Amino acid sequence: MRTRSILDHNFRSLGRNALIAVFAALILIQGAVSAKAVEPDEVLKDPQLEARARHISEGLRCLVCQNQSIDDSAAPLAKDLRLLVRERLKAGDTDQEIEDFVVARYGEFVLLKPRFELHTLILWLATPVVFLAALIALVLFYRRRAAASGPASLSKAEQRRLKQLLDEQ
Amino acid sequence: MIAETGHYALILALGVAIVQTVLPLWGTRRHDPQLMAIAAPAAQMQFLLIAIAFAALMTAYVTSDFSLQNVWANSHSAKPMLYKIAGVWGNHEGSMVLWVLILALFGAAVATYGTNLPRELQANVLAVQGSIAVAFLLFIITTSNPFVRLDPAPLDGQGLNPVLQDPALAFHPPFLYTGYVGFSMAFSFAVAALIDGRIDAAWARWVRPWTLAAWMCLTLGIAMGSWWAYYELGWGGFWFWDPVENASFMPWLAGTALLHSALVMEKRDALKVWTILLAIITFSLSLMGTFLVRSGVLTSVHAFAVDPARGIFILAIMGVFIGGALALFAFRAPQLSQGGLFAPISREGSLVLNNLLLTTACAAVFVGTLYPLALEAVTGDKISVGGPFFNYTFVPLIVPLLIAVPFGPMLAWKRGDIVAAGQRLIAAAVLALIAMVAVFSWQQRGPWLAPFGIALGIWLVLGALSDLAFRARFHGTSWREGFRRLGNLPRSAYGGALAHAGLGVVVIGIVATTAWRSEAILAMKPKETAALAGYELTFQGVAPREGPNYRERVGVFKVTRGGQEVTTLQPSKRAFTVEQSSTTEAGIHVSWRGDLYVVLGDELKNGAYSVRIYFNPLVRLIWLGALVMFIGGGLSLSDRRLRVGAPKRARAASEGLAAAK
């Protein structure tokens, strides 16, 4: 039950932002990302379960790192989270259940791919909207150019002159 | 004394930059040639003064003058010379001095080599360039002065962050900054054209070489940063979608679009308004990158500045320049004439498609980078945006672009024939498809999209070759004649084809290493053997070793392949005595198949060590491809037709011809 106690300890400390800041500072000073990530003793016996664990880990953010997944991070907190994921897997949870479980405890900040919800609407829709707007602008541009490129119609003065010439004949 | 000289030179440079901004601008308003003539010598003088300041700071670092606060905080007497020199830009203040040095260098280059520019244009360009210098020199002198003294002087310095003590990272910032700041040329030319209210094809001809030079340096700078991350951070990742990386990637995407739209403007006098806007956007993104990294908004390894005063200052600079340029654009753009006509299916049309996809992809990166900051500022909610998000938004835009790339050069200007272009690319398409089937049948694991990705890369490389073959008109002629024509192609043709081929090489590298990377995570005791990707690694133990300013524990691994000895890898953990921190050095064996990458972890119980072994197939192609793109850019730049002096000579020649008639 060693892991459980570490986890409990971290949950308690999580509330204390100051500690997180110290954590972050420590990790930054240590060069942000020394090479550790998944430790040999963490790897699950069942390769299929381990593959699922890795896949889930890649989508979860190490809370004290800069945009790194817990799969890549050396931080102690990332290790705890990896162990947590593996424990839930062994308990028979589905991938979605594990994600929900982690989000319930750590908040949505932990997901590297934000969920599609009201407050992330702009984030998810901005790119398709920009693309569609640009596409429409482009179509309008081509149509306007095509219309403008036809033979220019005669001006009023030219029409009068043409009428005059025809009348003369 | 030397430091005071540098300090004084920096303040004088500010004065000269003010003169460079005000007088020529006034001169162009009053059509006074004497006032306009001040611009060029002022730009040269400004460069000289900033160079003196930079040299003074460099001297302080080389001689370890710890009476300077900046040197004390970022250097140490025991540091190797390379990192004493690189230490100049390995910190906030010094890197800003490098920033203005490069800015002044570009200004001085326009002053020196731009003598054939129209007088008004040159004066306006240098005035705008000068105004950027004024803003950043003020920023340095008021908030980030590197020449502040300490009294009494400390005995020794505090050292440089060990992860930054690395050859690739020593050269990464100068290249990156040359790229960032180089786009200021396009910006200055754009704003000068807007002030003047006139713009023509010659404008694009003058802007393109500067943009190309900046783009080349940015390409290499980003590649170096990614290469450094790969071997220094210890798990073989090459791109994190970290905000700081995105900050350099956005100007690259916009700059790539600008290169292509400037091509349309130069050759066909079309897309003027858009090209001007893109020039403004590209440099605005460079400014934003500087803001993101320098202000400490994002706290990461790169952001060594955490000081709100600085952030607000740069934000103000951004507001003035971006807002001013866009306001000027809105005011003047309707007056700019539209150029040549073209059909959607044409060379111009393909370059418009390129711009559409590149700028939208850039928008995706922009939103993904800034949305979390904006959301936190507005509602306090914290969200993360990482690799998985960009896989959903960025990749779907880039894949169609990559498919379309080989078609572009095959289409004629004004009105192209897509069927004919397809026929010329049939060989490339068939070979790429064969490769896809072959990879699909050979692969035992990895995502099912991977063979498609490999085929895409091969399609780009072969498409570039087809482009050259088509230009040399190999069809319906003897091989000898074809090769003779191939040799006579202009360098810019090779440059473009190489850049596109390089992109294909990068794609192959990224897909292969992402899809088929293999790894083993083990607890190894000495004399134990592990196997991965056909290699056998025997752990021979750990030994201590002394470096110039660190101590390390080196793990020794004998690598064999099929019983034959290949190499001995020595991954290590370095403890830096001064900085009180450690780094991990991976042991990497490079072969044509890929990299064998070994990392030594902590000592576990019972004498075993945690060991991580990776095999990254074809990973070198990522940086090799970037290098090919750089060389392609260089070839284009050396083309006679693109040389900065060329327009004048060409015009003189045509005028001479007209006179003779």
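Predicted model: local features only at pLDDT ≥ 70, side-chain atom pairs only at ≥ 80, totals over all residues.
Residues are numbered from 1 along each chain as its sequence is written, and chains are lettered from A and ligands numbered from 1 in the order in which they are written.

**Domains of chain B**

Colour chain B by its division into domain 1 (1–164), domain 2 (166–411), domain 3 (412–516 + 625–631) and domain 4 (518–620); these bounds come from an automatic or database domain assignment.

Select B:H31, in the loop between α1 (2–30) and α2 (33–36) of chain B, where helices (H or I, at least four residues) and strands (E, at least two) are DSSP runs numbered from the N terminus. B:H31 has a positive phi of about 55 degrees although it is not a glycine. Then move to B:P152, in the loop between α7 (119–143) and α8 of chain B, and display the peptide bond that reaches it from B:D151, which is cis, with omega near 0 degrees.

**α8 against α11**

Next select residues 167–196 and 272–295 of chain B, helices α8 and α11, whose axes come within 8 Å and cross at roughly 140 degrees; axes are lines fitted to C-alpha atoms, for helices over the stretch in contact, and angles run from 0 to 180 degrees between N-to-C directions. That angle makes α8(B) oblique to α11(B), given that angles under 35 degrees count as roughly parallel, over 145 as roughly antiparallel, 65 to 115 as roughly perpendicular and the rest as oblique. The crossing of this pair is left-handed, a term used if the near helix is turned anticlockwise from the far one by less than a right angle, with right-handed used if clockwise. Residues in contact (C-beta atoms, placed from the backbone, within 7 Å) include B:F183, B:F187 and B:A190 on α8(B), and B:I280, B:F283 and B:G289 on α11(B). By class, this contact has 12 nonpolar, five polar and no charged residues, where Ala, Val, Leu, Ile, Met, Phe, Trp, Tyr, Cys and Pro count as nonpolar, Asp, Glu, Lys and Arg as charged, and the others, Gly among them, as polar.

**α9 against α22**

Now select helix α9 (residues 201–232) and helix α22 (residues 620–637) of chain B, whose axes come within 9 Å and cross at roughly 165 degrees. The result is that α9(B) is roughly antiparallel to α22(B), and the crossing is left-handed. Among the residues that meet here are B:W215, B:M216 and B:W227 in α9(B), with B:W623, B:F630 and B:G633 in α22(B); the contact has 13 nonpolar, four polar and no charged residues.

**Strands of chain B**

Finally, select the open sheet of four strands with the order β1-β10-β9-β8 and antiparallel pairing, where two strands pair if DSSP finds at least two bridges between them. β1 and β8 (587–590) stand at the edges, each with a single partner strand, so one side of each is left without a neighbour in the sheet. The twist averages 15 degrees from one strand to the next. Eight bridges join β9(B) to β10(B), and the bridge partner of B:V598 is B:I613 in β10(B).

End at strands β4 (residues 550–561) and β5 (residues 564–569) of chain B, which run antiparallel and are joined by five bridges. They form a hairpin with two residues between them, and B:G562 in the turn has a positive phi of about 60 degrees, while B:F557 stands opposite B:L569 in β5(B).

Technical notes. Contact = placed C-beta atoms within 7 Å.
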